[in-house]
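I wrote down each thing as I looked it up.

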Amino acid sequence: MNTILTVTNLTKKFGPLVAVNDLSFSIEKGNVYGILGPNGSGKSTTLGIILNVVNKTSGSFSWFNGETSTHEALKKVGAIIERPNFYPYMTAIQNLRLVCKIKEVSEEKIEEKLALVGLLERKNSKFRTYSLGMKQRLAIASALLNDPEILILDEPTNGLDPEGIHQIREIIKKIANQGTTILLASHLLDEVEKVCSHVVILRKGVKLYAGPVDGLLASHGYFVLAANDQIQLKTFLEKHASFGKIEEFNGLLTAYLKEELDAGELNKLVMDQGILLSHLVKRKESLEEQFLTLTKNRQS
Amino acid sequence: MIRLLQIEFIKLWNNRASKVLILSYFVLLTSIALVAAIKFDIGPIKFHLAEQGIFNFPYIWHFNTFITAFFKLFLAIVIVSMMANEYSNKTIKQNLIDGLSKKEFILSKFLTVLTFAAISTIFVFVVSLILGLAYSDYNEFSIIFSDLEFLLAFFIKLVGFFSFCLFLGILVKRSAFALGFLFLWQILEGIVRGLIRWKLLDGTGTDFVMGFFPLNSMFNLIKEPFTRLSAVQNVANQVGESFKLDYHVYFHEVLIVMVWTGIFIYGSYALLKKRDL
């Protein structure tokens, strides 16, 4: 696979504060990456450094195996950082023409990309007349002008209303389906869970995990159960070797697996005990739960 | 290089305020020709400014470059705001993310400054040439094209001043404050001059030291032309005064301004490079 970006021992200090601490990861072509972490965990700083707007304190990063200089590489990258920044007195078309000049690409794709984000009817309106959602969509159009090798999005849905969030997510999914590599920074875990195949998890500038979403925790999932005889069910589960912690909440039992166990198999097992299940669901921990477990583990 | 100029052109020309200021600047440059129309004809008193010799070659090069240099304040506003707006709109960040290097960013601004200065110089040259051909008492080729160093000085002066504006724009990041700072700096140089004259040196010494300050060195490039007019000198002679002033453009003065230009442009680059956006 082609490596698009390699980050090695990257560190950024703002005075006494260490915003990014000895961070290393790499990005391969074709995957959708998420950078996860609470506010202030160093996501934006990391993106700022690789995008040439924040100076690193130490460490290194290289684009496309270090074949080109950073600013040349950035012409093959599409990136949106935080708020969309355009010239307010210029129309969408004029702004995109300027971006084409900077990126040294032809202007023929402007209309196509505006159509992709649904702004074609407003192409001759000044940027300052746009709503936040439209501004964000224009930013995506601008980032796509060069058909980038990688699209970098920093909190793309921040501050948008539900409809705007939905539109942006649809666009991201569309782009991901076209095979474009995406790096998505967010503190919204469900957002990352929905689109990403790989994650980098940061907390206070330290990397907690980098790799496939599936490999985040070696967990086997859990069952949510209810039965005619709740107490009998609980006693049975507590005795069974496959289960660890058991919680009761709202009349439902949540039993965490220590090893792989099929839902059908469990159903048969309890049936043999004479317990009749009225509710049986097997679930994997959501990214949010895994994330919280991971951060908790590292704290202790 | 053309690409960098085009980038800056798109940014400036689509901004209505910049466009109006640029256009009015060039209209003002042309308007110096209107001085020729100043004419009093009140009975016995007949006064026609154009016939007082201000449009004589080669004096016109000196006079016009000195006067038109004041209009540079219009472009100063444009230049300070084209820099400061990049910060307030945060578009500088987007430009860099889009793949413009910091060096290219400064270069595109500096090239714009050079272009403004070059166009102004050509403008002044053409307007003066036309005015001179219309009103000058001397029309020999060798006289017309003597003393052209004033045009060079004019160009250097504009480049230096605009580079200073550029630097202030980057340093202060807000156009209004940067312009305020420019005036403050002018006053500061005046105060420093006063202090040096008062406590340290005599007149010549003060002029020498002040010649190294940025705004003062730019002003020194083209000395005031009024005392050179024969009309003014006649009056002075009548009251028993005579001016022995040196009007020439000196190489060391040009050098000082060029060094300042270098410092300002490099300083802008260093600031941009050091800052996190």
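The entries below go from the ground rules to the interface, and then to some local details.

**Ground rules.** I am working with a predicted model, in which local features need pLDDT of at least 70, side-chain atom pairs count only at pLDDT 80 or more, and totals for chains, interfaces and linings use all residues. Residues are numbered from 1 along each chain as its sequence is written, chains are lettered from A and ligands numbered from 1 in the order in which they are written, and side-chain values use heavy atoms, with hydrogens and water left out.

**Interface.** I looked up how the two chains meet, and found 26 residues of chain A in contact (heavy atoms within 4.5 Å) with 27 residues of chain B. The buried area, meaning the accessible area (1.4 Å probe) that two parts lose on being put together, summed over both, is about 2600 Å² between chain A and chain B, and carbon and sulfur atoms give 54% of it. On the side of chain A, the residues that lose the most area to chain B are V53(A), N85(A) and I102(A), together 25% of what that side buries.

I then turned to charged pairs, where a salt bridge is a side-chain nitrogen of Lys or Arg within 4 Å of a carboxyl oxygen of Asp or Glu. The rule finds two salt bridges across the interface of chain A and chain B, and I noted that the side chains of K103(A) and D98(B) meet in a salt bridge at 3.9 Å, N to O. Next I checked which elements take part, taking helices (H or I, at least four residues) and strands (E, at least two) as DSSP runs numbered from the N terminus. Strand 1 (3–14), helix 2 (70–74) and helix 3 (92–103) of chain A each supply at least two residues of the side that touches chain B, and helix 3 of chain A gives the most, with six residues.

**Chain A.** I noted that E155(A), a residue other than glycine, has a positive phi near 45°, and that E155(A) lies in the loop between strand 6 (150–154) and helix 6 (162–177) of chain A.
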